[in-house]
Every structure is written in C-alpha cells, then in structure tokens.
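Let's take a look at how this protein packs its inside. Have the sequence and the 3D view ready, and follow along.

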Amino acid sequence: MAEQSTHIHFENTNRWSTRQLVTMALMCAVSALLMFLQIPIIPAATFLTYDPSLVPAMVAGFAYGPGSGIAVGVLAIVIHALTTGDWVGALMNIVATVCYILPAALVYRKVHTYRGAILGLVLGVVLATAASIVSNLTIGVWFWYGSADAILPLMLPAVVPFNLAKTILNSTLTLAVYKVVSNLITPVKDQVKGRA
C-alpha cells in the first residue's frame, strides 16, 4: 500500500501584513508621544489644548483604510490614558477620533484623489465637532460637570471653535505630510501620484 503524503498548507488570513502592523505600531507610538504636546488655542478655555496626535492616525487611515486609522488613534489614546489616568477625557477623545477618521478614510478610499481627501477631511471635521458636543453633554456631564448648565455656556465660545480649530489643523497637517509619508510606507504600486 502506497504511503499517502499529507501536505498541510497554512494561509495567512490576516488583512494586515507584518510590515503594515509594524508601521501602525510606530505611528501609534508617535501619536501617543504627540499627545503630550499640549497647546492652548482658545483663550476663553485654556483647559482645552491642541495636540497633533491625530495626524499619524489619519495618515494610517488614508494609507491602509479606516480600520487601521481608528486602531492607531484609539490605541494611542489608551496608551496616553494609562500614563495620565484620565479615562473620561480618553473616552470623549475616542468618540471624536472615530467620528473624525472613519468618514474621512472611507471617502478617501472611495475617491482616491486630492479632492477626495479634502472632502473626507471636511466631513470628518464636521462630524468630529458634532460628536464633541454630544460627548460633552453626555459623558462630560455624567463624569465631570455634574450638570449640563456647567458646560452649556462654554459650548459656542469655547468647545465648538476649539474642536473646529483642532480638526482643521490636523487636516491641514495631514494634507501636508500624507504624500511623503504614504510613499515611504506603502508598496510602489499603491503610492500616491499627484498631490495626494
């Protein structure tokens, strides 16, 4: 009786390659470090500070898709919360991050042009700003303010303009660095041609 040979074939079903995972981990580390750069930009509310930590996450979202961008952004927030202990702020930040990266990366994946990037980022700015209002009036009230009356007077003069400024700055920086960074981290066939 002939001996039957058995060949076991293993297939990598992971959507993310090793190179992509390493790149995402590096971007996550950069994003977490950038969170310590706190710049107050609204004089009426100096406790609201800007940092460019969402830029690496958005670059990952544009380069690898919305799942990658959200993973980088959320993991960086969790790392920062582990070092600072600010889990309420982290939760509110996660809500805004998902609402910023998800629509922008989805639009850019559909319309893979400079115009698509701008359209996606504009949508991300609007949705993230709306999400920040909702999270301040829910998560913020539940864990920080105690009453909506404490935050409502600051909504129009501080919270809304801060979140608009923050996401617009992050979007501008993303457009400025995306082409160069993307061409370093993606295969030649997927590299960005033209402006974005």
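In the largest nonpolar core, which has 29 residues, the ones touching the most other members are Met27, Met58, Phe62, Val72, Tyr100, Ile101 and Leu121. A nonpolar core here is a set of buried Ala, Val, Leu, Ile, Met, Phe, Trp, Tyr and Cys residues joined through side-chain atoms within 4.5 Å, with buried meaning under 20% relative accessible area (1.4 Å probe, protein chains only).

Keep in mind that this is a predicted model, where local features need pLDDT of at least 70 and side-chain atom pairs count only at pLDDT 80 or more, while totals for chains, interfaces and linings use all residues. Residues are numbered from 1 along each chain as its sequence is written, and side-chain values use heavy atoms, leaving out hydrogens and water.

| helix 1 | 18-34 |
| helix 4 | 87-110 |
| helix 5 | 114-145 |
| helix 6 | 152-185 |

Helix 2 and helix 3 are on that list too, and helix 2 gives the most, with 8 residues.

Now zoom in on Leu121. Skipping neighbours within four places in sequence, Leu121 is in contact (heavy atoms within 4.5 Å) with Met58, Phe62, Tyr100, Ala104, Ser171 and Leu175.

Key. Buried means under 20% relative accessible area, exposed over 50%, partly exposed in between (1.4 Å probe, protein chains only). Helices (H or I, at least four residues) and strands (E, at least two) are DSSP runs, numbered from the N terminus.
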